[in-house]
Amino acid sequence: MLTANNVTVRFGKRVLFEDVNIKFNKGSCYGLIGANGAGKSTFLKVLSREIEPSKGEISVEKGERISMLKQDHFAFETYTVIDTVIMGNEELYKIMKQKDEIYAKPDFSEEDGMKVAKLEEKFAELDGWNAESDAAILLNDLGIEADKHYKYMSELEAKEKVKVLLAQSLFGNPDILLLDEPTNDLDIKSINWLQAFLIDFPNTVIVVSHDRYFLNKVCTHVADVDFGKIKVYPGNYDFWYESSQLVQKQMRESNKKKEEKIKELQDFIARFSANASKSKQATSRKKSLEKIELDEIVASNRKYPYIDFKPDREVGKEVLIVNGISKTINGEKILNNVSFTVKREDKIAILADNELAKTVLFQIIAGELEPDSGELVWGTTISKAYFPKDTGYLFGDDMPIVDWLRAYSKDPDETFVRGFLGRMLFSGEEALKKVSVLSGGEKVRCVLSKLMLSGANLMIFDEPTNHLDMEAITALNEGMKRFNGVLIFTSHDHQLTETVANKIVDLKGSETIVKECTYNEYVDIE
């Protein structure tokens with residue numbers, strides 16, 4: 001069992017959370033959620049004892065081992081892949097290296113023999129003889145082939161290093177597993193494997209993730225970082241979300257009824273307090289008025305933007321024919337004879353093992369790149385808007401956000417433009433921030449504002465959820481579902497893809513697979 005006792009964390013005058021008391025039980029998986037900056041990653045570091053709380057303590061049962069997913073992908077460059085995984089159990093790895101050093105000594109003494117005998121005993125207790133095979137199994141399950149197990153980490157690609165560090169955190173059946181965004185940069189197959197692993201994992205898991213589908217699959221509880229507190233709720237993310245929205249709604253409705261009652265009592269008292277025959281009733285109502293207390297609705301750290309795409313023109317019968325599109329970049333064939341038809345009711349999710357293939361296809365459809373061969377045949381009613389994967393080039397000029405967005409608005413009136421920025425959480429002075437200092441998430445919200453102003457009836461989205469927090473992802477998901485135009489998009493957010501797409505286009509090398517179905521239905525077919 002892992003316990004937080006009266007834990008407070010503050011940085012200067014800013015309090016992230018205070019007086020947190022939680023018991024994390026064995027066999028449960030806790031999804032740690034909260035707005036960006038609420039302190040989720042900080043709390044994981046407190047639990048792992050990487051940083052000390054300002055007040056309170058973390059207690060772990062004697063002998064229990066905590067494992068935390070490392071975030072520095074370059075910390076193990078001089079180690080082999082297999083050793084990096086085994087290092088997940090620090091005690092075992094240390095013993096393994098001590099043994100190797102002693103056995104390698106040219107003048108092996110009797111004292112060395114006694115020392116190594118003790119090490120061998122402890123090594124066996126920690127199941128050291130199966131360490132390499134266990135590590136290899138984890139690596140194979142995550143798609144790291146056997147011929148790479150004894151290579152140095154410096155020889156691996158970035159996405160492979162992510163998988164090795166994940167294997168490291170899972171190695172050796174830790175008693176408490178702390179995972180900060182474990183699905184980042186993982187392919188679908190690896191995410192599905194990790195989901196199954198965590199569902200069957202018998203010990204304690206605490207995970208931070210922006211992937212709502214993943215949290216719904218693996219979590220038995222939700223630990224919500226908000227209002228300067230951390231509260232634990234039973235159930236998965238969707239259950240927490242529906243429950244929290246319902247509670248807020250009930251509190252608002254309850255307060256509305258109370259306010260109506262207060263006004264009614266105040267009106268009666270004002271009318272009849274000076275009337276002798278009604279004085280008793282007025283006094284009684286004063287007492288009733290004093291007893292009414294409004295529920296305190298505390299301002300949440302969470303802020304949901306409002307995303308709503310409205311086309312200026314209805315989509316006509318003919319939309320787009322993608323006919324035999326091919327493209328080679330730097331000698332590599334990225335797109336090979338890609339063909340599919342887009343219809344007026346389509347919301348198409350584009351899939352591909354090659355991430356660049358999706359981006360290049362979007363750039364061609366958006367008109368930013370010419371194909372080597374093939375053609376696009378557009379319907380006459382179509383106007384398009386494009387959300388690029390890399391938004392940086394849209395922010396070359398250093399100007400306030402309101403002026404940046406005004407350049408894309410049909411109505412230059414500042415009040416009109418600020419209305420759209422307010423929906424995207426840039427209100428008041430925020431709208432005057434220079435675009436050069438914006439975070440990745442803020443830039444994404446600016447580009448979404450630009451798309452809302454476009455009035456386009458066909459929208460192209462290349463990984464729009466990158467850099468967004470859970471609240472903005474939820475708002476974007478709802479906005480894409482409501483949109484009554486055509487969508488062509490790709491996203492690593494499983495829930496968004498499943499709830500939005502009604503058609504799948506999968507770019508598989510020289511083959512383009514087109515299926516009119518949901519994402520989950522397509523995955524089941526595959």
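Visitor: How many cavities of 30 Å³ or more does the count come to?

Guide: Let's begin with the ground rules: this is a predicted model, where local features need pLDDT of at least 70, side-chain atom pairs count only at pLDDT 80 or more, and totals for chains, interfaces and linings use all residues. Residues are numbered from 1 along each chain as its sequence is written, and side-chain values use heavy atoms, with hydrogens and water left out. On a 1 Å grid over the protein atoms alone, a cavity is a set of points where a 1.4 Å probe fits but cannot get out, while a pocket is an open set with protein on both sides within 12 Å along at least five of seven lines. By this rule, the count of cavities of 30 Å³ or more is one.

Visitor: Which strand gives the most to the lining of the largest cavity?

Guide: Lining residues have an atom within 4 Å of a grid point, and here they are L32, I33, G34, K40, S209, H210 and M470. The space itself is about 30 Å³, a volume being the space filled by probe spheres set on the points, which are joined across faces, edges and corners. Strands (E, at least two residues) and helices (H or I, at least four) are DSSP runs, numbered from the N terminus. With three residues in the lining, the top giver is strand β3 (residues 29-34).

Visitor: How much space lies in the largest pocket, and which residues are closest to its centre?

Guide: The largest pocket holds about 1500 Å³ of space. It is lined by 46 residues, and the closest to its centre are T183, D185, L186, I191 and H492.

Visitor: Which element supplies the largest share of the lining of the largest pocket?

Guide: Several elements give at least two residues each, including α6 (158-170), β12 (347-352), α11 (355-366) and α16 (494-500). By class, the lining has 13 nonpolar, 16 polar and 17 charged residues. For those classes, Ala, Val, Leu, Ile, Met, Phe, Trp, Tyr, Cys and Pro count as nonpolar, Asp, Glu, Lys and Arg as charged, and the others, Gly among them, as polar. The largest share, five residues, comes from α7.

Visitor: What are the edge strands of the sheet of six strands?

Guide: Two strands pair if DSSP finds at least two bridges between them. This open sheet runs in the order β5-β6-β7-β3-β8-β9, with mixed pairing. Pairing on one side only, the edge strands are β5 (66-68) and β9 (229-234).

Visitor: Which residue in β9 does V222 stand opposite?

Guide: Strand β8 (residues 221-226) pairs with β9 in the antiparallel sense, over six bridges. In β9, the residue opposite V222 is Y233.

Visitor: Why is one side of β2 and of β4 left without a neighbour in the sheet?

Guide: These strands belong to an open, antiparallel sheet with the order β2-β1-β4. β2 (14-24) and β4 (55-60) stand at its edges, so each is left with a single partner strand.

Visitor: At about what angle to β1 does helix α1 run?

Guide: Strand β1 (residues 2-11) is joined to β2 by seven bridges, with A4 standing opposite I22. Axes are lines fitted to C-alpha atoms, for helices over the stretch in contact (heavy atoms within 4.5 Å), and angles run from 0 to 180 degrees between N-to-C directions. Helix α1 (residues 40-47) lies across β1, β2 and β4, and its angle to β1 is about 130 degrees.

Visitor: Is F227 buried, partly exposed or exposed?

Guide: F227 sits in the loop between β8 and β9, and its phi is near 55 degrees, a positive value in a residue other than glycine. Buried means under 20% relative accessible area and exposed over 50%, with partly exposed in between (1.4 Å probe, protein chains only). F227 has a relative accessible area of 37%, so the word for it is partly exposed.

Visitor: What is the phi of L425 near?

Guide: L425 lies in the loop between α13 and α14 (440-454). At 27% relative accessibility, L425 counts as partly exposed. Its phi is positive although the residue is not glycine, and the value is near 75 degrees.

Visitor: How far apart in space are D413 and I292?

Guide: D413 is in the loop between α12 (401-406) and α13 (414-423). In sequence, D413 and I292 are 121 residues apart; in space, C-alpha to C-alpha, the distance is 45 Å.
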